[in-house]
Each structure stands twice: as structure tokens, then as C-alpha cells.
Amino acid sequence: MRHGKKFNHLGRTADHRRAMLANMAISLIMHKRITTTLAKAKALKKYVEPLITRSKDDSTNSRRVVFSYLQNKEALKELFGPVAQKVGDRPGGYTRIIKLGSRQGDAADIAFIELVDFDENMLKTPKAEKKTRRSRKAAPKAEAPAAEAAAPAVEEAPAAEAPAAEEAKAE
């Protein structure tokens, strides 16, 4: 029975799970985005976010604590270098999980997990330029007042020409 179990055991022994999450955390830190199953991505999020929070304080103790989890010097340098600089002002929520559908072979839910501040696509597109369904509906309404403003100007022009034409006939 699984009464009172607070985390997903992922069908593995404790040592295997710890090693797998450490390897996935190293890959996430080094590559900024990895594709995995949804259950593993959720477990990895709980594993790696406290390490990223710890990296904000660049002290010897913080480095030793994080190294005890990761056991990889290159990942440690990356985490305490560029990653810590980008997330320095963020209060939490360093990772994002996006569902991709199901895997062909076993129908497992697939997702990718990425570091939020390192997503190039989201950084390139400002939020104002993002197209939504509402912006498409609002655009024709914005054009309608412009058309109404142009219509009275067209009506006034023939009215101004009519008296001039009448004066020409009178002469």
C-alpha cells in the first residue's frame, strides 16, 4: 500500500531513483531543456528547484551541499555561474513543464522540462506581439471606426462640389 507516501517512487529503488534524478538534473542544468516522461519531469522539478535556490547564495557551504546531490563539477560551475545570475531576482518557479503527448511505444505521457529563463523562443517574442484569438476579434472593431471617420469626409466632398456646379450653370 502507498498510504501517506508524499513523492512518486517511479518504480525504482531509492538508490536507483536518486542516481536517475541526479543525472537528469545534471542534463537539465547543462542543456537547459530535456525531454522525458511526465512523471519523471514532475519528480525532477521537486529535486532540482531547491538546488537552484541554493545556487543563489554562492558560498562554500552551498556549493558543497549542491555537489553532494549532483557529483559533477561542470554542472556545478554552470549552476553557480550563468544559471544563478539569470534566476537571481526570481522568487521561485525556475522550471517549466510542457506536455508533448504520448509516446508511440508504450503510450507514456511525454513532456519536456526546461529552465524558464533560458527559453530563447519566449525571450524573443515580447508578450505584446503574441497573437491570441481575442486580438483577431478586436482588430476588425478597430478598423470600423476608422472607416466611419473616412465615410463622412467622402460625403462632404460631393456636397461642396454641388454648389460650385450650380454656380457654373448659372453663369
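**Stop 1: helix α3**

Select α3, residues 60-70. Helices here are DSSP runs of H or I with at least four residues, strands are DSSP runs of E with at least two, and both are numbered from the N terminus. The buried residues of α3 pack against α1, α2 and α4. Contact means heavy atoms within 4.5 Å. Buried means under 20% relative accessible area, exposed means over 50%, and partly exposed lies in between (1.4 Å probe, protein chains only).

This is a predicted model: local features need pLDDT of at least 70, side-chain atom pairs count only at pLDDT 80 or more, and totals for chains, interfaces and linings use all residues. Residues are numbered from 1 along each chain as its sequence is written, and side-chain values use heavy atoms, with hydrogens and water left out.

Which residues of α3 are buried? Pick Ser62, Val66 and Leu70. Now look down the axis of α3: its buried residues fall within an arc of 60°, so they line one face of the helix. The arc is taken from the directions that run from the helix axis to the C-beta atoms. An α-helix has 3.6 residues a turn, so residues three or four places apart point the same way.

Turn to the face of α3 away from its buried side. Thr60 and Arg64 are the exposed residues there. Then step just past the end of α3 to Gln71, which takes a positive phi of about 60°.

**Stop 2: helix α1**

Select residues 14-31, which make up α1. This helix has 18 residues and reaches 25 Å from its first C-alpha to its last. That is close to the 26 Å expected at 1.5 Å a residue. The expected span is 1.5 Å times one less than the number of residues.

Colour the buried residues of α1; among them are Arg17, Met20, Leu21 and Ala22. Further along, Met24, Ala25, Ile26, Leu28 and Ile29 are buried too. What covers the buried residues of α1? The cover includes β1, α2, α3, α4, β2 and β3. Just after α1, find Lys32, with a positive phi of about 70°.

**Stop 3: the nonpolar core**

A nonpolar core is a set of buried Ala, Val, Leu, Ile, Met, Phe, Trp, Tyr and Cys residues joined through side-chain atoms within 4.5 Å. The largest one here has 29 residues. Select Leu28, Leu44, Val48, Ile52, Val66, Leu70 and Leu79, which touch the most other members. The elements that give two or more residues to this core are α1, α2 (38-55), α3, α4 and β3. Which of them gives the most? It is α1, with eight residues. In soluble globular proteins, nonpolar side chains tend to be buried together.

Zoom in on Ile52. Leaving aside its neighbours within four places in sequence, Ile52 is in contact with Leu79, Val83, Val87, Tyr94 and Leu115.

**Stop 4**

Now select β3, residues 109-115. Six of its seven residues are buried, so β3 is largely enclosed by the rest of the structure. Two strands pair if DSSP finds at least two bridges between them.

Show β1 beside β3. The two run antiparallel, joined by five bridges. Ile34 stands opposite Ile113 in β3. Next show β2: seven bridges join β2 to β3, and these two also run antiparallel. Here Thr95 stands opposite Leu115 in β3. In the hairpin of β2 and β3, six residues lie between the strands, and Ala107 takes a positive phi near 60°.

**Stop 5: salt bridges**

A salt bridge is a side-chain nitrogen of Lys or Arg within 4 Å of a carboxyl oxygen of Asp or Glu. The count by this rule is seven.

Pick Arg33 and Glu114. Their closest N and O atoms are 2.7 Å apart. Arg33 in β1 and Glu114 in β3 are 81 residues apart. Glu114 is buried, with a relative accessible area of 1%, whereas Arg33 is partly exposed at 35%.

Arg96 is partly exposed, at 23%. Together, Arg33, Arg96 and Glu114 are linked in a network of salt bridges.

End at Arg90 and Asp117, whose closest N and O atoms are 2.8 Å apart. Arg90 lies in the loop between α4 and β2 and Asp117 in the loop between β3 and α5, so the pair ties together parts that are 27 residues apart in sequence. Arg90 is partly exposed at 24%, while Asp117 is buried at 14%.
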